[in-house]
Amino acid sequence: MHIFTAADRTYILGLAALLKSVDLNVSQSGEQPVKISIVSTRIEPHKKEQLQNCCKYKIDWQELQSNYDQLLSISGSKLPYVKLEPQKYTKETERLIWLDSDTIVLGSLEPLWNLYFPTLPIAAAANFWGNLNNYQDRNPYFNSGVLVYNMKLWEEEQLSEKLLQNARTHVWGDRDQGALNSVLVGRWKQLDQIWNNHKTDDMSSKVMHFMSRPKPWESTAPNPLWLDMLSQTPFKDELKKIPNNFKGLSSFHLKYKRLDRWLSEPILKFKSYLKQPKR
């Protein structure tokens, strides 16, 4: 099994909890060989060592490559765009599972790894909020937080090149997710919501996704399941710092970032309209 993710230093605690959850839950039998590829930026070597100690599986670290300069990033991070180039960072040729670094694994991923979808390039769960670029669009729209790649078809159709071109041509408010849904419209296998669940109190989840802010490491009352994962890592001492991390100016910064996105969306939508993006 090959798992793919990405993070920068602001997501280290999220990545630590994810890695521990993979360590504990990814394989039902415990005998499934697992490889983890992580694309990172601004994570110091000693932090990488600590992150490796979160998980018994070997981590293959990859640095973010600088070919995303022309792509939109409201938050300043270009890391989400690595999802568009899975082969570049993993060299995988058959099957690959992407997990956002604000997820935790609560059940075996073997059903995803063994999923059969030979004529479709990707499998994903529906996005709870629909199409963030067009709220009138009622067609199925998937969330890119958990993806299962059919790498053979991905390479045959040269999808990375098509996706990057789409992302450069159009202005998608949800970045990689907009490009993926635009290029792969009608060509994805829908997963049950338990594989990418935004309901963080739903115990049926196989993969829990903390989509909204504050993230658990930004919250004064982090999700108990997430806390349990982090408490079993070398970053457990960071727990006592969480309640104070986002008070005062930091709290204002979080609120400003949400306001900044709200103010920027009309501009982004207008640019998208001018460029006539299609999905």
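## Exercises on a predicted model

Lys56 is exposed, with a relative accessible area of 55%. The structure is a predicted model. The exercises below start from this residue.

### Exercise 1. Partners of Lys56

Find the salt bridge between Lys56 and Asp23, and say which parts of the chain the pair ties together.

*Solution.* 
- Step 1: take the distance. The side chains of Lys56 and Asp23 form a salt bridge, with N to O at 3.2 Å.
- Step 2: Asp23 sits in helix α1 (residues 12-25), and Lys56 in the loop between α2 and β3 (59-63), so the pair ties together parts 33 residues apart in sequence.
- Step 3: Asp23 has 13% relative accessibility and counts as buried, because buried means under 20%.
- Step 4: look for shared partners. Salt bridges join Lys20, Asp23 and Lys56 into one network.

### Exercise 2. Two further salt bridges

The count comes to 10 salt bridges. Describe the one between Arg42 and Asp8, then the one between Glu85 and Lys88.

*Solution.* 
- Step 1: Arg42 and Asp8 meet through their side chains at 3.3 Å, N to O.
- Step 2: Arg42 is partly exposed at 46% relative accessible area. Asp8 is buried at 8%.
- Step 3: for Glu85 and Lys88, the closest N and O atoms are 3.5 Å apart. Glu85 is buried at 9%, and Lys88 is partly exposed at 24%.

### Exercise 3. Strand β2 and its neighbours

Trace the pairing of β2 with β1 and with β3. Which residues are the bridge partners of Ser37?

*Solution.* 
- Step 1: pair β1 with β2. The two strands run in the parallel sense over 7 bridges. Phe4 has Ser37 of β2 as its bridge partner.
- Step 2: follow the chain. From β1 it passes through α1 to β2, in a right-handed β-α-β crossover.
- Step 3: pair β2 with β3. This pairing is also parallel, over 5 bridges. Here Ser37 has Asp60 of β3 as its bridge partner.
- Step 4: follow the chain again. It crosses from β2 through α2 to β3, and this β-α-β crossover is right-handed.
- Step 5: read off the answer. Ser37 has Phe4 as one partner and Asp60 as another.
- Step 6: check the burial of β2. In this strand, 5 of 7 residues are buried.

### Exercise 4. Aromatic pairs

The count of aromatic pairs is 8. Is the Tyr68 and Tyr81 pair stacked or edge-to-face? How do the rings of Trp217 and Trp226 lie?

*Solution.* 
- Step 1: the ring centres of Tyr68 and Tyr81 are 6.3 Å apart, with 20° between the planes. Planes under 30 degrees apart count as stacked, so this pair is stacked.
- Step 2: Tyr68 and Tyr81 both lie in the loop between β3 and α3 (86-90), 13 residues apart. Both are buried.
- Step 3: the centres of Trp217 and Trp226 are 6.0 Å apart and the planes meet at 35°, so the pair is tilted. Both Trp217 and Trp226 are buried.
- Step 4: Phe4, Tyr89 and Trp98 form one aromatic cluster.

### Exercise 5. Contacts of Asn131

Asn131 lies in the loop between β6 (122-126) and β7 (142-150). Is Asn131 buried or exposed, and what does its side chain reach?

*Solution.* 
- Step 1: Asn131 has 5% relative accessibility and counts as buried.
- Step 2: its side chain reaches the backbone nitrogen of Asn133 at 2.8 Å.
- Step 3: a polar contact of 3.0 Å joins the side chains of Asn131 and Asp137.

Methods:
Residues are numbered from 1 along each chain as its sequence is written. This is a predicted model: local features need pLDDT of at least 70, side-chain atom pairs count only at pLDDT 80 or more; totals for chains, interfaces and linings use all residues. Side-chain values use heavy atoms; hydrogens and water are left out. A salt bridge is a side-chain nitrogen of Lys or Arg within 4 Å of a carboxyl oxygen of Asp or Glu. Buried means under 20% relative accessible area, exposed over 50%, partly exposed in between (1.4 Å probe, protein chains only). Helices (H or I, at least four residues) and strands (E, at least two) are DSSP runs, numbered from the N terminus. A polar contact is a pair of N or O atoms within 3.5 Å; within protein, one must be able to donate a hydrogen and the other to accept it, and residues adjacent in sequence count only if both atoms are side-chain atoms. Two strands pair if DSSP finds at least two bridges between them. A crossover is right-handed if, with the strands pointing away from the viewer, the path from the first strand over the helix to the second runs clockwise. Rings of Phe, Tyr and Trp (its six-membered ring) pair if their centres lie within 6.5 Å; planes under 30 degrees apart count as stacked, over 60 as edge-to-face and the rest as tilted.
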